[in-house]
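Work through each task before you read its solution.

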Amino acid sequence: MKENQTNVKTEVIAGLTTFLTCTYILAVNPAILSSTGMDSKAVLWATAISAAIACFAMGLLTNFPFALAPAMGLNAYFAYTVCGALGLSWQNALACVFVEGVTFSILSVIGVQDKIVNGIPECLKQAISAAIGFFIAFSGLHNAGIIMYDPDNLLQLGNLRDPGVILALIGILLTAGLVIKRVKGAILIGILGITFLGLLFKNPDTGVAYTQWQGLIAIENPVKALAPTFGQLTFKGLFEGGVATTIGVLFAIFSFLFVDMFDSIGVLVGVGIKAGFVNEKGELPGAGKALFVSAAGAAVGAIFGTQTVTVFGAESTTGIAEGGRTGLTAIVIGVFFLLSLLFTPLFLMIPGIATAPALVMVGIFMIEPLMHVDLGDTKIAFPVFICVAFMAFTFNIAYGILFGLLAYTGGQVFAGNAKKLSVPTWILSAVFMLYLVLEIIFR
């Protein structure tokens, strides 16, 4: 901790801050996966336990302050595409996740992951950090209702007569003010402050308070709570639907792998730069171990009964912004995930309007790396812009990396620098092109 200029108190505050921004997954994941027929209570337990195991592993094996939990986005893909469009049972879908996790783990063990991370061009590493900043800031603004969908103009300013929108804006101003004044625990104070104010105001659409008291403790028998999903994954019947179904299953596994791998890489690179973990060579020491933890987490999550477990970038940055720099932060996050099984009603009180200011503030922190990029050079500015734009506008970290790298490769070829491109860059570009072709054919 001395080497990282931190202490136990700072790490605990950072872990709690990160956990508070992760609590939404405990509510959202069961809601989405239960649409496949899965038991919602079992999914809640699987979500918390698999997240805790992955966080402990991250802290003990890598000493990184990153949070891990079942991935948002992939839960919708699991439920609505794999189980919905492809028609697989949720047990078969969990088997696909398990295969993806094992495959990802093998790639980590043989050292492919380090080469992939360190093979990403330096300008893209900087762009990924900024892109994730815009990504998470947009997420916070949208979840709070500050930015809304508009059928005519795509997006519009939210309803300023909505008390929740006003509270979120106040939260952003409050959090920014505390950060500017260098108040320790600024982001956590912002979260707790808006959570309290949410008790006093009602949502005009539902007529209930934004923060709802749901009790304090909920005690369940762990064995009974997990029984409906634990160990229920099965390969039986997975490839019995003909050629089309088999291709669809293989594509589903590849999609899980693609999103998991490159979301993890994107987060590690982007957050790693902001946290100061990247060395003078632009490399992230220990990236291979961190990616192995993420990969193994996916397999463990499938066994317990949830979709791919991966690194939570947006949420991790809130704790890093509070000073978290070691694995103790990750361990604290894991402890709170386990405690959440006892105090689930209490933790689920935190509304989206309370976490939004934290995500917006962190988005501001993460655009700083752009100052190190030569945006006056078009062959550099082009891939940087594409990476940021595609990640934010498609709301997908993986797509930002994919199109950003292809833009970089294309720009360098046009500039006559094809021979200067590294082998990993060419390989990644080829893999990305293959993925796009498969998307065109099977999506």
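**Exercise 1.** Which residues of helix 1 are buried?

*Solution.* Start with the limits of helix 1, residues 8–22; helices here are DSSP runs of H or I with at least four residues, numbered from the N terminus. Next, apply the cut-off: buried means under 20% relative accessible area with a 1.4 Å probe, protein chains only. The buried residues of helix 1 are then Thr10, Glu11, Ala14, Gly15, Thr17, Thr18, Phe19, Leu20, Thr21 and Cys22. Finally, look at the start of this helix, where a side-chain oxygen of asparagine 7 comes within 3.2 Å of the backbone nitrogen of lysine 9.

This is a predicted model, in which local features need pLDDT of at least 70 and side-chain atom pairs pLDDT 80 or more, while totals for chains, interfaces and linings use all residues. Residues are numbered from 1 along each chain as its sequence is written, and side-chain values use heavy atoms, without hydrogens or water.

**Exercise 2.** Find what follows helix 4, and list its buried residues.

*Solution.* Helix 4 covers residues 74–85. Its buried residues are Leu74, Asn75, Tyr77, Phe78, Ala79, Val82 and Cys83. After helix 4 comes glycine 87, with a positive phi near 80°.

**Exercise 3.** Is alanine 389 buried or exposed?

*Solution.* First locate alanine 389 in helix 17, residues 378–393. Then check its relative accessibility: alanine 389 counts as buried because the value is 8%. For a sense of distance, alanine 389 and leucine 94 lie 295 residues apart in sequence and 32 Å apart in space, C-alpha to C-alpha.

Conventions. Helices (H or I, at least four residues) and strands (E, at least two) are DSSP runs, numbered from the N terminus. Buried means under 20% relative accessible area, exposed over 50%, partly exposed in between (1.4 Å probe, protein chains only). The expected span of a helix is 1.5 Å times one less than its number of residues. A polar contact is a pair of N or O atoms within 3.5 Å; within protein, one must be able to donate a hydrogen and the other to accept it, and residues adjacent in sequence count only if both atoms are side-chain atoms.
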